[in-house]
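Here is a short tour of one protein chain. Keep the sequence and the 3D view open while you read.

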Amino acid sequence: MIRLYEFGDSPCCMKVRIALEEKGLPYERRFVTSWKFDHYQPEYQGLNPLSLVPTLVDSDGTTVIQSNVILEYLDQRYRAPKLIPDDPRIAAHVRQWMVTEQDYLFPVIVTMSFHIMMKMRVDVFGLDRLKEWSSVFPDQEM
């Protein structure tokens, strides 16, 4: 069974879930608790040394990180239905959209969603609890 390690509210994770659903692939969702900084725990860093989501672990144990890389991996590993067409002109257009999303749209989305998310978490958990959880963050100088 494919395992997808994710934050439920991550646009990058949503992209991968959409691809898995489009391909009809069964998968198990493994939630990484971002507000407790679980992605900085050694167990998760063993899968993804960058401490980012999503991380996909295929049924054969292959681990793939970075959402666009995961999308291309899934399309090559599980051929039908295709996400990226065989026609090189159309495939280039798809890849251009992927780069535009990654390089231009993603930074804007992250900035907006991070501020909204942090305000909600402070309201729900309180700043002291978030500070306690953040103590596992490896670089306290950041």
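## Basis of the model

This is a predicted model, in which local features need pLDDT of at least 70, side-chain atom pairs count only at pLDDT 80 or more, and totals for chains, interfaces and linings use all residues. Residues are numbered from 1 along each chain as its sequence is written, and side-chain values use heavy atoms, with hydrogens and water left out.

## The chain as a whole

The chain has five helices and four strands. Helices (H or I, at least four residues) and strands (E, at least two) are DSSP runs, numbered from the N terminus. Read from the N terminus on, the order of elements is β-α-β-α-β-β-α-α-α. The C-alpha trace spans about 55 × 35 × 25 Å along its principal axes.

Of the 142 residues in the chain, 33% are buried. Buried means under 20% relative accessible area, exposed means over 50%, and partly exposed lies in between (1.4 Å probe, protein chains only). The chain exposes about 9000 Å², and carbon and sulfur atoms supply 61% of that area. Accessible areas come from the Shrake-Rupley method with a 1.4 Å probe; for residues, only the protein chains shown count as cover.

A contact means heavy atoms within 4.5 Å. Take the contacts between residues at least 6 apart in sequence: 53% of them join residues at least 24 apart.

Helix α1 has 13 residues. From its first C-alpha to its last it reaches 19 Å, close to the 18 Å expected at 1.5 Å a residue. The expected span is 1.5 Å times one less than the number of residues. The buried residues of α1 are C12, C13, K15, V16, R17, A19, L20 and K23. An α-helix has 3.6 residues a turn, so residues three or four places apart point the same way. Just after α1, G24 takes a positive phi of about 70°.

S10 lies in the loop between β1 (2-6) and α1 (11-23). S10 counts as buried because its relative accessible area is 9%. At the start of α1, a side-chain oxygen of S10 reaches to within 3.2 Å of the backbone nitrogen of C12. This is a polar contact: a pair of N or O atoms within 3.5 Å, where within protein one must be able to donate a hydrogen and the other to accept it, and residues adjacent in sequence count only if both atoms are side-chain atoms. The C-alpha atoms of S10 and S113 are 9.1 Å apart, although 103 residues separate them in the chain.

S67 sits in helix α3 (residues 67-77). Is S67 buried or exposed? S67 is buried, because its relative accessible area is 7%. Its side chain makes a polar contact of 3.0 Å with the side chain of K15. Beyond residues up to four places away in sequence, S67 touches C12, K15, V16 and P54.

T55 belongs to strand β3. Its relative accessibility is 0%, so T55 counts as buried. The side chains of T55 and Y44 are joined by a polar contact of 2.6 Å. Leaving aside neighbours within four places in sequence, the contacts of T55 include R3, L4, Y5, L47, T63 and I70.

P54 is in the loop between α2 (42-47) and β3 (55-57). Another cis bond runs from A80 to P81, with omega near -10°. P81 lies in the loop between α3 and α4.

Next, look at phi. S51 has phi near 60°, a positive value in a residue other than glycine. S51 lies in the loop between α2 and β3, and it counts as buried because its relative accessibility is 3%. Q66 is another such residue, with a positive phi near 75°. Q66 is in the loop between β4 (63-65) and α3. At 37% relative accessibility, Q66 is partly exposed.

## A nonpolar patch

Which residues form a nonpolar patch on the surface? They are Y104, L105 and I109, with about 300 Å² of accessible area together. Patches are made of residues with over 30% relative accessible area and no salt bridge; like charges are joined within 9 Å, and nonpolar side chains (Val, Leu, Ile, Met, Phe, Trp, Tyr) within 5 Å. A salt bridge is a side-chain nitrogen of Lys or Arg within 4 Å of a carboxyl oxygen of Asp or Glu. Y104 is found in helix α4 (residues 88-125). Y104 counts as exposed because its relative accessible area is 58%.
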